[in-house]
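Dear colleague,

Please find below the structure that I am handing over to you.

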Amino acid sequence: MESTSENYLIVIKTGDVKGAGTDANVKIALINDAQIRSRDIALDNLWRDDFERGNTDQFPVENLANFGRIDKIELWRDSRGLFDSWFVEKIEVMDSANSETTVFPIHRWIKANTRLVFVKYDCLLPQHDMNKEQRHQELMEKKTKYEMEVKQEGLLPQVKILPDEEAFSDDYKWDITKMKLKLLLQSKIIGLTSEPWKSLDDIVKVYNKSLPLPYGTHNWRSDIEFGSQKLVGCNPNQIRRCTEIPHNLAVDDAMLKPLMENLTIQEAIDSKRLYILNYKILKDLPCSYGRKICAPIALFFVNKELNLMPVAIQLYQDPADDNPVFLPTDPEYTWILAKMWFNNADASFHQSATHLGFTHLVMEAVAVATNRTLSPSHPIFRLLAPHFLYLLAINSRALSKLVSKDGWVDECMSIGREGLFAINARTNSEWRLNVEGSLPADLKNRGVDDPEALPKYHYRDDAVLLYEAIRKYVSEVVEGHYDSPDKLAADHELQGFAELLTKSHGDGGCGIKGVHGNGKFLKTVDLTDAVTALIFTSSVGHAAANFAQYDEYAFPPNYPAFMRHEQPPKDKNPRTEQDVLNCLPHKEMTLSVMVVTKILSDRGTNSLGDFEIQYLYDPIGTKAVKAFKEDLLRIGEIINKRNQQRASPYPYLHPKEVPNAISI
């Protein structure tokens, strides 16, 4: 007689995505390592509503004594009930005889009346999958769900319609509109009007517990802070070593020697002490409502105190009598205004390219391509998936709430949405995944990889640690699954992924330039470097661009997104504080900038390596994840020590502060 005691316990986690729960009848069959199939097992707990969204349900299985270790499962459902759709996150089968648990990560919709077979860990290359037809059919269906569409000329393609599984979960805490209203109520300063500010001190008085004093209020007039901002602010990856003076920058030795410790320009260049930011890409930029912004050039010098100091700012590209080169020796408020107009251009580039274009939009194209070409069973899909969490949802929400016509970008940024899209279109043609998108290559390309030549570049120093940890993690997974070049070449899903990333928009691809391997992943080093760049961009790159926003933008004189007076200074005549106030956004707009950048600067998801949803359960993946988490703890300790010694801490790239994905 068979034992009637519990032999197995089946634990099923229904996904926390829109429409995930089901009222259908669900059945499962267990298949052991001898490929013997059990009877059909109905999964139903009496007097309990099983398979609700986000819930975990347990089902004891009896009369299967001595069935052995479970190798596969067969899962299916019917279409009973008003809500029969079902998205399963994972299934665990616990063996009572030996206390072993076998995990089947699913991360799929289970179609009605279709029997699906899953192997333990569900992490294998397509050429090794025995269920090839099931895998092929699944990808065909995902291609119809993850259609690509260029929604705005000049932008990378995005998902045409947001799939239900990409929507925010019930416990995702950020709704931009609701959070904005909540912060406004908490701040108790809703009464701010469209009047201009009467003094700079009046702005400082506005901050409170809900909208705390941002870092930008401290020493914002200081040239040391202005230079440091280019290394540790929210746009830290644009500064580059100056190897020659642009022909259109009207500077000479007589002008700059007194500001560069009596070095000539060539001597400063040769000693790697001269750096430049040149926003020629902003020249003649079309902006919303016919507004204008500068296309400035700025030179910076590393002084004996190892501070990066501004030494010259030219606000437009073409030298002219009404386009002078401003210097730190100019009258105080004249120089302050030149720095503010430069930062207005820097902020415009930051929001358009560094933040939106090079993180949000690049990674949306990659996420859509991943879902169109790689099965959820693919190890590279499982490696990348945690870094796509809420990405498509936040892009959809941000573009509709913030970048819509007459929305926040139109209202609170000089360039408006027209300028934002124009900057994206101009930069897309230049950005390359294997240069600008890959940290070591980017640092080398900009000539800023030498810590002795350019000290106090905290972004670089902390980012390098994280990049190396991510690359080690990716390499373990890649090398573990592709232990021979033949496996790479034979992986048609992976090659389809590489091709789709590089193929032009016109041919239905992402149009991403500089993908390692040039559209074919035939070397593990190319695959490793590409995936490392993508994970780094989704986590570290976005964190650096995003989480300093409140500290930078929330005090408008420090980093003005909007300049109310449309004419920058055209001469060096002395200015006053009133001239600065005339350029600042009015009170109501200032509050809007404060509130939105506060929302964008808060974290809504887990920190790097602490995955909200686990995708890797196979031995290769679990070993790599464990080592990755240990490396991140070690890096956190290093950054803690660094921040104790820094004049001002740089918190934005501490592993605990870097989320896994672009989810805000």
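Does N113 count as buried or exposed? At 59% relative accessibility, N113 counts as exposed; buried means under 20% relative accessible area, exposed over 50%, and partly exposed in between, with a 1.4 Å probe and protein chains only.

Before the remaining findings, some notes on the basis of the values. This is a predicted model, in which local features need pLDDT of at least 70 and side-chain atom pairs count only at pLDDT 80 or more, while totals for chains, interfaces and linings use all residues. Residues are numbered from 1 along each chain as its sequence is written, and side-chain values use heavy atoms, with hydrogens and water left out.

The chain as a whole

The protein chain has 20 helices and 15 strands; helices (H or I, at least four residues) and strands (E, at least two) are DSSP runs, numbered from the N terminus. Its radius of gyration is 28 Å, close to the 26 Å that the globule rule gives for 664 residues, so the chain is as compact as a globular protein of that length. That radius is taken over C-alpha atoms, and the globule rule is 2.2 Å times the number of residues to the power 0.38. Along the principal axes, the C-alpha atoms fill a box of roughly 100 × 55 × 50 Å.

Of the 664 residues in the protein chain, 59% are buried. The accessible surface of the chain comes to about 27,000 Å², and 50% of it belongs to carbon and sulfur atoms. Accessible areas come from the Shrake-Rupley method with a 1.4 Å probe, and for residues only the protein chains shown count as cover.

Contact means heavy atoms within 4.5 Å. Among contacts between residues at least 6 apart in sequence, 75% join residues at least 24 apart.

The chain carries 78 positive and 92 negative charges, whose mean positions are 1 Å apart. Lys and Arg count as positive and Asp and Glu as negative, while His and the chain ends are not counted; the place of a charge is taken as NZ of Lys, CZ of Arg, CG of Asp or CD of Glu.

Loop residues

N113 is found in the loop between β7 (100-109) and β8 (116-119). Phi of N113 is near 55°, a positive value in a residue other than glycine. Most residues other than glycine have a negative phi. Q35, which is not a glycine, likewise has a positive phi, of about 65°. The loop between β2 (26-32) and β3 (41-43) holds Q35, which counts as partly exposed at 43% relative accessibility.

I36 also lies in the loop between β2 and β3 and is partly exposed, with a relative accessible area of 46%. Leaving aside neighbours within four places in sequence, I36 is in contact with L30, I31 and F67. The C-alpha atoms of I36 and V366 are separated by 40 Å, the two residues being 330 apart along the chain.

W431 belongs to the loop between α11 (416-428) and α12 (439-445). With a relative accessible area of 7%, W431 is buried. Not counting residues up to four places away in sequence, W431 touches F358, V362, E436, G437, I512 and K513. W431 and G514 are 83 residues apart in sequence, and 8.0 Å apart in space from C-alpha to C-alpha.

Helix residues

How many of the 15 residues of α19 are buried? The number is 14, so α19 is largely enclosed by the rest of the structure. At 1.5 Å a residue, helix α19 (residues 587-601) should span 21 Å, and its end C-alpha atoms are 21 Å apart, which agrees; the expected span is 1.5 Å times one less than the number of residues. K598 is found in helix α19 and is buried, with a relative accessible area of 15%. From C-alpha to C-alpha, K598 and Y550 are 5.1 Å apart in space, and they are 48 residues apart in sequence.

A365 lies in helix α7 (residues 332-373) and counts as buried, at 0% relative accessibility. Residues up to four places away in sequence aside, A365 touches M148, L156, P157 and C510. A365 and Y482 are 117 residues apart in sequence and 25 Å apart in space, C-alpha to C-alpha.

Yours sincerely
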